[in-house]
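Visitor: Hi, I'm new to this one. Could you walk me through it?

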Amino acid sequence: MYKIAPSILSANFAKLGEEVINVIASGADIIHFDVMDNHYVPNLTIGPLVCSAIRPLTQAEIDVHLMVKPVDRIIPDFAKAGANIISFHPEASEHIDRTLSLIKENGCKAGLVFNPGTPLSYLDHVMDKIDLILIMSVNPGFGGQKFIPDALNKLRTARQKINESGRDIMLEIDGGVNTSNIAEIAAAGCDTFVAGSAVYGAGKDTDPHRYDSIIAALRAELAKVSK
Ligand code: DX5
Ligand code: ZN
């Protein structure tokens, strides 16, 4: 029931297809796809063309994390490019309910993303439209940052809200996740774990099995969590 979602932000972009195939072959569940626009966040990454290019390489879900403003214009493009989940930051949308509907009308699961300083009250009137809550444990824009511990409190609160809703909503964490903190993150109620630098930083670049041991180590930590 725990899902590991490597962020390809830390992959070798010169070998992106192989990086996607290898990480799934090593036991990862979901491909986390970070979209940055040099406007909402101070970095520029990848868009729908790259999503279409990796789509045929895997059956795994592609989890598109939009760090862009505005959001609505680009959503149908990602749906056509094969995204399964599309999440966005509430501050980046003028009409949160409308953006959630747009994602669902385009056949994708819809998620809201919470920066370290963003309150969970944005969930209050839209829980019925949400399939994923993504808690940022770093400020968005870059891989390789340090986990902000207050994210654990937010996960606990979000878990409570999900339980109260009675709906099947994924609870995902993003930023600074590694083998030393994944167990306490799971214990706080998280079920889906983005890990960029921890996964893609592991092993020798030439070894197709380079991700086996890091994915196994993350799962071994998760196995220690009592439910
Ligand atoms: C940050 C991105 C993350 C990032 C995580 O803005 O949303 O998905 O790739 O990278 P690590 O796991 O290295 O913190
Ligand atoms: Zn992300």
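Visitor: Where is Asn-38 found?
Guide: Asn-38 sits in the loop between β2 (30-36) and α2 (48-54). Helices (H or I, at least four residues) and strands (E, at least two) are DSSP runs, numbered from the N terminus. A word on the source: this is a predicted model, where local features need pLDDT of at least 70 and side-chain atom pairs count only at pLDDT 80 or more, while totals for chains, interfaces and linings use all residues. Residues are numbered from 1 along each chain as its sequence is written, chains are lettered from A and ligands numbered from 1 in the order in which they are written, and side-chain values use heavy atoms, with hydrogens and water left out.

Visitor: Okay. Is Asn-38 buried or exposed?
Guide: Exposed: Asn-38 has a relative accessible area of 55%. Buried means under 20% relative accessible area, exposed over 50%, and partly exposed in between, with a 1.4 Å probe and protein chains only.

Visitor: What is the phi of Asn-38 like?
Guide: It's near 60 degrees, a positive value in a residue other than glycine.

Visitor: Which peptide bond is cis, then?
Guide: The one from Lys-69 to Pro-70, with omega near 0 degrees. Pro-70 belongs to the loop between β3 (61-67) and α3 (75-80).

Visitor: Let's switch to helices. How many residues does α5 have?
Guide: Helix α5 (residues 151-165) has 15 residues. From first C-alpha to last, α5 reaches 21 Å, close to the 21 Å expected at 1.5 Å a residue. That expected span is 1.5 Å times one less than the number of residues.

Visitor: Which residues of α5 are buried?
Guide: Ala-151, Leu-152, Lys-154, Leu-155, Ala-158, Arg-159 and Ile-162. They cover an arc of only 150 degrees around the axis, which puts them on the same side of α5. The arc is that of the directions from the helix axis to the C-beta atoms.

Visitor: And what's exposed on the other side of α5?
Guide: Asn-163 and Glu-164 are exposed there.

Visitor: What do the buried residues of α5 pack against?
Guide: They pack against β5 (109-114), β6 (132-136), β7 (170-174) and α6 (182-187). Contact here means heavy atoms within 4.5 Å. After α5 comes Gly-166, whose phi is positive, near 70 degrees.

Visitor: How many residues are in the largest nonpolar core?
Guide: That core has 73 residues, and those with the most contacts inside it are Ile-8, Phe-33, Val-64, Ile-133, Ile-135 and Ile-173. α5 gives the most to this core, with five residues. By definition, a nonpolar core is a set of buried Ala, Val, Leu, Ile, Met, Phe, Trp, Tyr and Cys residues joined through side-chain atoms within 4.5 Å.

Visitor: What does Ile-8 touch?
Guide: Not counting residues up to four places away in sequence, the residues touching Ile-8 include Phe-13, Leu-16, Phe-33, Ile-54 and Tyr-200. There is also a second, separate core of six residues, and Ala-5, Ile-30, Ile-85 and Met-170 are among them.

Visitor: New topic: how many aromatic pairs are there?
Guide: Three. One of them joins Tyr-2 and Phe-193, edge-to-face, with 5.7 Å centre to centre and 70 degrees between the planes. Rings of Phe, Tyr and Trp (its six-membered ring) pair if their centres lie within 6.5 Å; planes under 30 degrees apart count as stacked, over 60 as edge-to-face and the rest as tilted.

Visitor: Where do Tyr-2 and Phe-193 sit in the chain?
Guide: Tyr-2 is in the segment before β1 (3-6) and Phe-193 is in strand β8 (residues 192-195), so this pair links distant parts of the chain, 191 residues apart. Phe-193 is buried at 1% relative accessibility, and Tyr-2 is buried at 12%.

Visitor: Why is the pair of Tyr-200 and Tyr-211 edge-to-face?
Guide: Because the planes of the two rings are at 75 degrees, with their centres 5.1 Å apart.
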